[in-house]
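Here is a structure to read for the first time.

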Amino acid sequence: MNTKQFIVTSGKAFRIGDISPDFTNGKVKGEAIDLQVEENMKEMARLQDILYAHNKYGILIILQAMDAAGKDSTIKHIMSGFNPQGVNVKSFKAPSAEEMDHDYLWRSHLHLPERGNIAIFNRSYYEDVVVVKVHKLLASHNIPEDLIGDNVWQERYRQIRDFEKYMEENGIIVIKFFLHISKDEQCKRLLERLDNPEKNWKFSSADLEERQHWDKYQNTYEEMLRETATEYAPWHIIPANKKWFARLLISEIVKENMGKLPIKYPVMTSEDKNALESYRQQLCGKV
Ligand code: ATP
Ligand code: MG
């Protein structure tokens, strides 16, 4: 599938309303799609093994979305193909007292991937220009008042662009996904959390409260996506009303990005190879 149409590298022309959350690129749910996702996952696992052995690049996958857009199930299904040894998933909630005592990027920095590893952020530092903006939470943060001026959001967008540039220049590949669902689809999924006993635990009355601010969130997301889409860390806008399509597209994009990396298994020097022969003889008492 041509994934280019879902990539935003510059915010200038980007409008969230131009993308239908129902879009499936003419594809239909079925066995062929499941097979394609499975193949993508196999290839991702193969590349992860090389990434780990090469041990120079790290990959950061960021998932942002409205409630119930499918971040959790994406992680569960797509990422399950990876070797757990090289993957860390971090879910970002409202900051703890300790986190509040630091700058807002601190907690993310702590969870950036080690070289050779993949980190998956379920929400991220983008919450600090989305939920914090929608609910005007900055005033309750311990930041000197004179540093919170009219330009504070523009400053944060710049800080985030700089942070992502910093990551790129230090060998961390940032792959960002915005899972785009409609208000109706969110309603269906939240109702399912109420109706299905196995999903009851996922329901939070906070979801209802957040839903009241739907339009504000959409505008805030649009601005954030426009301001933080760059060539080196583009956004991928995933039509996510159909979970099967979101899974296909995300697996395709992760696979493509991993495939572009100049990684390979380390090659042994001839000295090492000679040493192997001697180890072979020493093993099992053959010397
Ligand atoms: P789901 O999409 O399945 O509902 P979730 O990611 O919303 O999962 P929750 O535990 O329901 O998980 O919610 C986490 C909450 O933490 C979100 O409402 C999010 O906006 C909030 N949060 C995350 N980071 C921050 C932050 N920096 N400041 C304030 N709130 C934050
Ligand atoms: Mg939630």
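Predicted model: local features only at pLDDT ≥ 70, side-chain atom pairs only at ≥ 80, totals over all residues.

Q: Which residues have the most contacts inside the largest nonpolar core?
A: A nonpolar core is made of buried nonpolar residues joined through their side chains. The largest one here has 75 residues, and Leu-60 and Phe-177 have the most contacts inside it. Helix H10, residues 243–259, gives the most to this core, with 9 residues.

Q: What is Phe-177 in contact with, leaving aside its neighbours within four places in sequence?
A: The list includes Ile-61, Ile-62, Leu-63 and Gln-64. It also includes Trp-235, His-236 and Ile-238, as well as Ile-250, Ile-253 and Val-254.

Q: In what order do the strands of the open sheet stand?
A: The order is S1-S6-S5-S2-S4-S3, six strands with mixed pairing. Strand S1 (7–8) and strand S3 (87–91) are at the edges with a single partner strand each, so one side of each has no neighbour in the sheet.

Q: In which sense do S3 and S4 pair?
A: S3 pairs with strand S4, residues 118–122, in the parallel sense, over 5 bridges. In one of these strands, S4, Asn-122 is the bridge partner of Ser-91.

Q: Is Arg-107 buried or exposed?
A: Relative accessible area decides this, and buried means under 20%. Arg-107 has 8%, so Arg-107 is buried. Arg-107 is placed in helix H4, residues 106–110. A polar atom of the Arg-107 side chain lies 2.8 Å from the backbone oxygen of Lys-93. Beyond its neighbours within four places in sequence, Arg-107 is in contact with Phe-92, Lys-93, Ala-94, Pro-95 and Glu-99.

Q: How many salt bridges does a search of the whole structure find?
A: Side chains of opposite charge can pair when their charged atoms come close. The search finds 16 salt bridges. One of them joins Arg-158 and Asp-162, with the closest N and O atoms 3.9 Å apart.

Q: Where do Arg-158 and Asp-162 sit in helix H6?
A: They are 4 residues apart in helix H6, residues 152–169, and so are separated by about one helical turn. Arg-158 is partly exposed, at 40% relative accessibility. Asp-162 is partly exposed too, at 43%.

Q: How far apart are the closest N and O atoms of Arg-189 and Glu-185?
A: In this salt bridge they are 2.9 Å apart. Both residues lie in helix H7, residues 183–195, and are 4 residues apart, about one turn of the helix. Arg-189 counts as buried at 8% relative accessibility, and Glu-185 is buried with a relative accessible area of 13%.

Q: Which parts does the pair Arg-193 and Asp-207 tie together?
A: The side chains of Arg-193 and Asp-207 meet in a salt bridge, at 3.4 Å from N to O. Arg-193 lies in helix H7 and Asp-207 in helix H8 (residues 205–211), so the pair ties together parts 14 residues apart in sequence. Both Arg-193 and Asp-207 are buried.

Q: Which residues are joined into one network by salt bridges that share partners?
A: They are Asp-67, Arg-123 and Glu-127.

Definitions and conventions:
Residues numbered from 1 in each chain as written. Chains lettered and ligands numbered in written order. Heavy atoms only, no water. Core = buried A, V, L, I, M, F, W, Y, C linked by side-chain atoms within 4.5 Å. Buried < 20%, exposed > 50% of the residue type's maximum accessible area, 1.4 Å probe, protein only. Helix = DSSP H or I, 4+ residues; strand = E, 2+ residues; numbered from the N terminus. Contact = heavy atoms within 4.5 Å. Polar contact = N/O pair within 3.5 Å; in protein donor to acceptor, adjacent residues only side chain to side chain. Pairing = 2+ DSSP bridges. Salt bridge = Lys/Arg side-chain N within 4 Å of Asp/Glu carboxyl O.
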